[in-house]
Amino acid sequence: LHASMTIDPAFRVAPVHRRTFGSFVEHMGRCVYTGIYEPDHPSADADGFRADVAELVRELGVTTVRYPGGNFVSGYRWEDGVGPKDQRPVRRELAWHSTETNQFGLDEFAAWTRRLGIEPMMAVNLGTRGLQEAVDLLEYANHPGGTALSDRRAANGSPQPHGIRMWCLGNEMDGPWQIGHKTAHEYGRLAAEVARAMRMSDPDLELVACGSSGSTMPTFGAWEAEVLEQAYDYVDYISLHAYYEEHDGDLASFLASSTDMDHFIESVVATADAVRAKLGAKKRIQLSFDEWNVWYQSHHHAKDPGTEWPVAPRVIEDRYHLADAVVFGSLLISLLRHSDRVTAASLAQLVNVIAPIMTEPGGPAWRQTTFHPFALTAANAAGTVLRVEPQSPVRETARYGEVPLVDAVATHDPDNGEAAVFLVNRATDEHVSVDVDLRGLEADRIASCRTLHDDDVYAANTRERPDRVVPRENKDVRLEDGRLGVVLPPVSWTVLKLA
Ligand code: AHR
């Protein structure tokens, strides 16, 4: 099979936004406890942060981290997580049916992000709480000093304000599973008022209103329209969440999941712009894709929580195989392609819970298959995103109809002339040979070409074999007279660096 495409530095979409490579730490399962924080671990530092995990987070290239949830935030009292640890209350946590010890909270999170050079992104509880608690939390986090709450932060060991710019106004408030779930009308009003008060405190904040929890939600579209009609003037972003999985062995449809992400993004852009026209507004709303991943949700929902309230239980610790990583890489292609409107995104989540990094309590940490496309995209996408329109053979899929087998996006760094091309081959059993016309690119050398592929599409990395699936050098690549040729194996994801 053959595909072709043209890469031209004139086909600019938008800058590569560093926030595209964000992630998410929720008080859920073992993401925090025995994930990023484990005081008894041999690698733990004086604050209890696991150094082995921190090293992998750095290697992953994560730029921002959303915290503390997720569904968790909708029942959370932020005050429980600050102050002397021996005085912090232990609480029942309703969203995930666990016990929350509160040994890790806002100040620990801010310290952890500072140490790793990560931008913190915070969510406020609009499920069981509202405006007052949101502005209190903002005062505690960001006010320099001389007020009750900022002085309390200083007394708790953080004299410098945390300076958190980006705030989520609740989480998935459209979902009937959410604690304090609301109608679009109720939520739109609340989000507008909370945002207005937060802006009185600090006009420079970047505020994210909750969009839909998925494009298949019955209120999708109507929810965004109603929420934005009420909150348009006070917010900067609307959020999107999407999780994909293989259903009933239909690998071909699963491999085409990013076509749904494309459709989701383009529908939210259209809805936000329709509200803009209706209100006669000047600014455009940006998209924060602040939860995305592969997640085998069908496995999770089958379980009954029972009567136990465990501390940091093993929940949704999905083990990712090669095909999951290929889909994951194609979702990153979709996010990058839409960089004109998707200016922030968070991979959900970071450690243990549907995560690229896995740990054992007291034991090792290792990379899942999905770690690799994230790390390689974060490291190689630089400068400007370029639009690429592959001419590709197509396949019929049960879920998404006819889809192109090859998808791609490119970036070009005008400062050094380097370019990167990210490609996916969705064919289940055919190689595709791709011809790329590098029109106008200064780069004339292949610096590297790495492909993630395995003869067993269900091969995964485990504690025992952490490097079973890794990207390998693709030798089936050549560059001559401005024309690049590369062969993509079936079910594969590739990154090509040109210098
Ligand atoms: O990331 C896991 C959960 O998925 C989050 O808590 C929630 O926001 C979403 O439904």
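**Domains, helix, hairpins and ligand shell**

Modeller: The C-alpha centres of domain 1 and domain 2 lie 30 Å apart. This is a predicted model, in which local features need pLDDT of at least 70, side-chain atom pairs count only at pLDDT 80 or more, and totals for chains, interfaces and linings use all residues. Residues are numbered from 1 along each chain as its sequence is written.

Biologist: What makes up domain 1 and domain 2?

Modeller: Domain 1 takes in 3-8 + 387-498, and domain 2 is 17-380; such bounds come from an automatic or database domain assignment.

Biologist: How many residues does each domain give to the contact?

Modeller: Domain 1 gives 32 residues and domain 2 gives 32 residues, where two residues are in contact if their C-beta atoms, placed from the backbone, lie within 7 Å. On the side of domain 1 that touches domain 2, β25 (492-498) gives the most, with four residues. That side divides into 20 nonpolar, four polar and eight charged residues. Here Ala, Val, Leu, Ile, Met, Phe, Trp, Tyr, Cys and Pro count as nonpolar, Asp, Glu, Lys and Arg as charged, and the others, Gly among them, as polar.

Biologist: Which residues of α5 are called buried?

Modeller: Among them are Tyr-187, Leu-190, Val-194 and Met-198. A residue is buried if 20 or more other C-beta atoms lie within 10 Å of its own, exposed if 12 or fewer, and partly exposed in between, with C-beta atoms placed from the backbone. The buried residues of α5 pack against elements including α3 (131-142) and α6 (222-231).

Biologist: What makes β23 and β24 a pair?

Modeller: Two strands pair if DSSP finds at least two bridges between them. Four bridges join β23 (residues 477-480) to β24 (residues 483-488), in the antiparallel sense. Arg-478 has Gly-485 of β24 as its bridge partner. The two strands form a hairpin with two residues between them, and Asp-481 in the turn has a positive phi of about 50 degrees.

Biologist: Which residues are around the ligand?

Modeller: They include Glu-26, Asn-171, Glu-172 and Glu-291; a residue is near a molecule or strand if its C-beta atom, placed from the backbone, lies within 6 Å of it. By class, this shell has two nonpolar, six polar and three charged residues.
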